[in-house]
Amino acid sequence: MWFKNVIFYRLTEPFEYTQEQLQEKLLEQTFTPCKSQELSRYGWVSPCHLLDDVFAHQVHGMFMIAARKEEKILPSAVIKEAVGEKVAVIERDQARKVYKKEKDQLKDEVVLDLLPRAFSKFQQTSAIILPSLGWIAVDSSSHKRAEELLSHLRGTLGSLPIVLPDVQQSPSAVMSTWLESDTSIPEGFEVLDECELRDNVLEGGVIRIKGQQLEDEEFIAHLEAGKRVVKLALEWDEHLKILLQDDLSIKRLKLSDQLQDKMSDEAAEDEVAQFDADMVQMGLEFAKLFPAIIKAFGGEAKRP
């Protein structure tokens with residue numbers, strides 16, 4: 001159940017819900033499948049498939065929640081073809097041209113006709129809330145998808161005062177200095193063998209490097225030419241391997257061999273107990289990782 005990608009947010013006000021209160025709120029907007037004429041549905045589900053009736057899963061003061069989205073798949077080419085056929089029939093039988101407004105009406109009719117027969121695509125997104133530390137982390141590589149969950153949570157609770165973390169120094173510039181000088185890398189972080197560079201002058205000028213020593217002269221020459229790091233593979237505290245982006249989001253989060261061995265030694269026999277253990281371990285790692293990332297870029301920027 002470990003997150004693969006992480007976008008984390010700062011709570012600007014205390015999150016003071018109990019498990020019972022949060023559970024009650026989430027139950028008001030649980031997921032139900034699309035009706036025949038609906039394009040999509042979004043709602044809360046249990047974050048643990050073994051606990052169908054628990055929507056706010058709490059362990060040691062941490063909450064895990066999850067939302068499911070259903071979208072009907074209606075290929076634009078199919079809709080376009082069906083509308084075209086209707087337009088052709090009207091223009092032939094009535095000897096007149098069909099204009100945009102009428103075409104839009106025909107499109108709506110086609111969509112309504114196809115919806116009951118359309119396949120569905122399902123997507124589930126999870127989030128962990130760390131109230132005592134003031135963080136919410138969403139398992140997503142897409143800001144749009146993360147904001148969709150948080151917007152739904154905001155609508156469910158009535159308010160959700162959060163912001164993306166803002167730091168004092170440019171992450172791109174700072175990560176570039178880490179590669180130019182080993183001595184500048186913060187304690188606890190180790191640079192791995194993958195990064196992405198972007199040219200601030202030439203639009204679309206991107207260089208991706210993987211499986212190569214980032215101290216090589218050829219690589220340093222790119223930095224000296226003005227390119228800046230926008231993604232950098234790092235190991236944190238010998239526990240987590242991450243691809244950190246310049247917007248502070250995390251991609252491809254993986255457990256180090258050391259942490260995997262530790263967790264294997266402590267594995268629980270019961271699946272729910274294992275889910276809880278993984279959730280606690282992940283929460284503890286995030287509780288150390290997020291502040292370390294913020295500190296590495298000069299600390300949080302003062303907000304007005």
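**Close-up views of a predicted model**

His-60 is exposed, with a relative accessible area of 70%. The views below are taken from a predicted model.

**Figure 1. His-60 in a loop between two strands.** The residue shown, His-60, sits in the loop that joins strand E3 (57-59) to strand E4 (62-73). Most residues other than glycine have a negative phi. His-60 is not a glycine, yet its phi is positive, at about 50°. Is His-60 buried or exposed? With a relative accessible area of 70%, His-60 is exposed, because the exposed class begins over 50%.

**Figure 2. Ala-95 in a loop between two helices.** Here the loop runs between helix H2 (76-94) and helix H3 (100-114), and Ala-95 is found in it. Ala-95 has a positive phi of about 50°, although it is not a glycine. The relative accessibility of Ala-95 is 71%, so this residue counts as exposed.

**Figure 3. The largest nonpolar core and Phe-297.** In soluble globular proteins, nonpolar side chains tend to be buried together. The largest nonpolar core of this model has 48 residues. Which of its residues touch the most other members? They are Ile-128, Phe-286 and Phe-297. Helix H8 (residues 271-296) gives the most to this core, contributing eleven residues. For Phe-297, neighbours within four places in sequence are left aside, and the contacts that remain include Val-167, Gln-168, Gln-169, Pro-171 and Val-174. Phe-297 is also in contact with Met-175, Trp-178, Leu-244 and Leu-248.

Figure 4. A separate core is made up of 23 residues. Among them are Tyr-9, Leu-11, Phe-55 and Leu-149.

**Figure 5. Glu-190 in strand E8.** Glu-190 belongs to strand E8, which covers residues 189-199. Its relative accessibility is 44%, so Glu-190 counts as partly exposed. Which residues does Glu-190 touch, not counting those up to four places away in sequence? Glu-190 touches Ala-233, Leu-234 and Glu-235. Glu-190 and Phe-55 are 135 residues apart along the chain, and their C-alpha atoms are separated by 37 Å.

**Figure 6. Ala-225 in a loop between a helix and a strand.** Ala-225 lies in the loop that connects helix H6 (217-224) with strand E10 (227-236). Its relative accessible area is 57%, and Ala-225 is therefore exposed. From Ala-225 to Cys-195 the distance is 16 Å, C-alpha to C-alpha, and the two residues are 30 residues apart in sequence.

**Figure 7. The whole protein, for orientation.** The protein contains eight helices and twelve strands. Its radius of gyration is 24 Å, well over the 19 Å that the globule rule gives for 304 residues, so the protein is more spread out than a compact globule. Along the principal axes, the C-alpha trace spans about 80 × 55 × 45 Å. Of the 304 residues, 44% count as buried. Among contacts with a separation of 6 or more, 69% are between residues 24 or more positions apart. The accessible surface comes to about 16,800 Å², and 49% of it belongs to carbon and sulfur atoms. How many positive and negative side chains does the protein have? There are 37 positive and 53 negative side chains, and the centres of the two sets lie 10 Å apart.

Conventions: Residues numbered from 1 in each chain as written. Heavy atoms only, no water. Helix = DSSP H or I, 4+ residues; strand = E, 2+ residues; numbered from the N terminus. Rg over C-alpha atoms; globule rule 2.2 N^0.38 Å. Buried < 20%, exposed > 50% of the residue type's maximum accessible area, 1.4 Å probe, protein only. Contact = heavy atoms within 4.5 Å. Areas by Shrake-Rupley, 256 points an atom, 1.4 Å probe, with all protein chains shown as cover. Lys, Arg positive; Asp, Glu negative; His and termini not counted. Charge placed at Lys NZ, Arg CZ, Asp CG, Glu CD. Core = buried A, V, L, I, M, F, W, Y, C linked by side-chain atoms within 4.5 Å.
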